[in-house]
Amino acid sequence: MSWNPAQYLQYEDARLRPALDLLARIVVEAPASIVDLGCGAGNVSRHLARRWPGARIEGVDGDTAMLERARAATAPDERFSWTQCDLGAWRARRAVDVVYSNAALHWLDDHARLFPALFAQVAPNGVLAVQMPDNFGAPSHQALFDVATRAPWRERVAVHVRRAPVAPMARYHQWLEAGAAGLDLWTTEYLQLLPRRSDGEHPVVAWMRGTALVPFLDALDAGERGAFVGALAARIGEAYPCRGDGGVLFPFRRLFIVATRSDAPRH
């Protein structure tokens, strides 16, 4: 997928709030090593550095443009390093005190394998902290999936429809409890007010351009994208009517996981 840092960061405040809510629930005094898995443009990595100024922070992401933005924003701070890597293939060179991932792991499949594998990279008494969107049943995503599975786009983009990439919360508890000294899992639904767009685009469509729409638009050529987005916008406008000021109330549900690794020897 080709990510656009500027598009993603248009709603930086709304996207940042869940990241900071997750950060606030991590109880680790002075970690020496932190990995920001799916760091994107590095905006959350900088908050990790402010929370733990003595830590070395490795940002890991698969997208070149996002990592270039992250490097530029943190240079010449030597606490940061940046690694381009497929998130599903990432493995730590040594155990990490905090593995943090904000709004990234829902892009990967097979969470029953993925989450224990990530937890195994965490040092004793360290933390795996994850936040993922959990709104795939919302009208926004249902509209996207419906348009993507209809002609004339079905053959090109239906493969990107992932109706349930995030498992029920109890499954993550089950997958992580064997190695955990503590597990804290919860969901939050944020009621976001997306303001009127000066370009006339529906605010929810603009929000989705930075995330959910990315793989679908990547699979279409320039001539097809406009028609695809137009068909989606018609559905979105029905589900999320604009207020008198042109803004839209957009509920967004997210799943949070904070797993603390046991200090018991691993077998």
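**Cysteines, cores and a helix crossing**

Cys242 is partly exposed, with a relative accessible area of 42%. On that scale, buried means under 20% relative accessible area, exposed means over 50%, and partly exposed is in between, using a 1.4 Å probe and protein chains only.

This is a predicted model, where local features need pLDDT of at least 70, side-chain atom pairs count only at pLDDT 80 or more, and totals for chains, interfaces and linings use all residues. Residues are numbered from 1 along each chain as its sequence is written, and side-chain values use heavy atoms, with hydrogens and water left out.

I will stay with the cysteines for a moment. How many disulfides are there? A disulfide here is a pair of cysteine sulfur atoms within 2.5 Å, and by this rule the count is zero. Cys39 is in no disulfide, and its nearest cysteine sulfur, that of Cys85, is 11 Å away. Is Cys39 buried or exposed? Cys39 counts as buried because its relative accessibility is 5%.

Cys85 sits in the loop between β3 (80-84) and β4 (96-102). Helices (H or I, at least four residues) and strands (E, at least two) are DSSP runs, numbered from the N terminus. Asp61 is 24 residues from Cys85 along the chain, and their C-alpha atoms are separated by 5.7 Å. Contact means heavy atoms within 4.5 Å. Not counting residues up to four places away in sequence, Cys85 touches Val60, Asp61, Gly62 and Trp90.

Cys39 also turns up as a partner of Ser45. Ser45 is in helix α3 (residues 43-51) and counts as buried, since its relative accessibility is 0%. Beyond four places in sequence, Ser45 touches Asp36, Cys39, Ile57, Phe80 and Trp82. From Ser45 to Gly59 is 14 residues in sequence and 7.0 Å in space, C-alpha to C-alpha.

Now the cores. In soluble globular proteins, nonpolar side chains tend to be buried together. I use nonpolar core for a set of buried Ala, Val, Leu, Ile, Met, Phe, Trp, Tyr and Cys residues joined through side-chain atoms within 4.5 Å. The largest one has 56 residues, and Phe115, Leu128, Tyr172 and Phe228 touch the most other members. Strand β7 (residues 248-261) gives the largest share of this core, six residues. A second, separate core has 26 residues, including Val28, Ala49, Trp82 and Tyr190.

What does Phe228 contact, leaving aside neighbours within four places in sequence? The list is Leu144, Val147, Ala148, Trp153, Val157, Leu213, Phe216, Leu217 and Leu220.

Phe228 also takes part in a helix packing. Helix α6 (residues 139-148) and helix α11 (residues 222-239) have axes that come within 9 Å and cross at roughly 145 degrees. Axes are lines fitted to C-alpha atoms, for helices over the stretch in contact, and angles run from 0 to 180 degrees between N-to-C directions. From α6 the contact uses Pro139, Ser140, Ala143, Leu144, Asp146, Val147 and Ala148, and from α11 it uses Phe228, Ala231, Leu232, Arg235, Ile236 and Ala239.

How covered is α6 as a whole? Mostly: eight of its ten residues are buried. They are Ser140, His141, Ala143, Leu144, Phe145, Asp146, Val147 and Ala148. The cover over them includes α7 (154-157), α9 (203-209), α10 (214-218), α11 and β7. His141 is buried because its relative accessible area is 7%. Its contacts, setting aside neighbours within four places in sequence, are Asn135, Phe136 and Ala212.

Last, the backbone. Most residues other than glycine have a negative phi, and most peptide bonds are trans. The bond from Ala75 to Pro76 is cis, with omega near 5 degrees, and Pro76 is in the loop between α4 (64-74) and β3. Another cis peptide bond joins Ala151 and Pro152, with omega about 5 degrees; Pro152 is in the loop between α6 and α7.

Two positive phi values to finish. Ala103 has phi near 55 degrees and lies in the loop between β4 and α5 (111-119). Asn125 has phi near 70 degrees and is in strand β5 (residues 122-133). Asn125 is partly exposed, with a relative accessible area of 46%.
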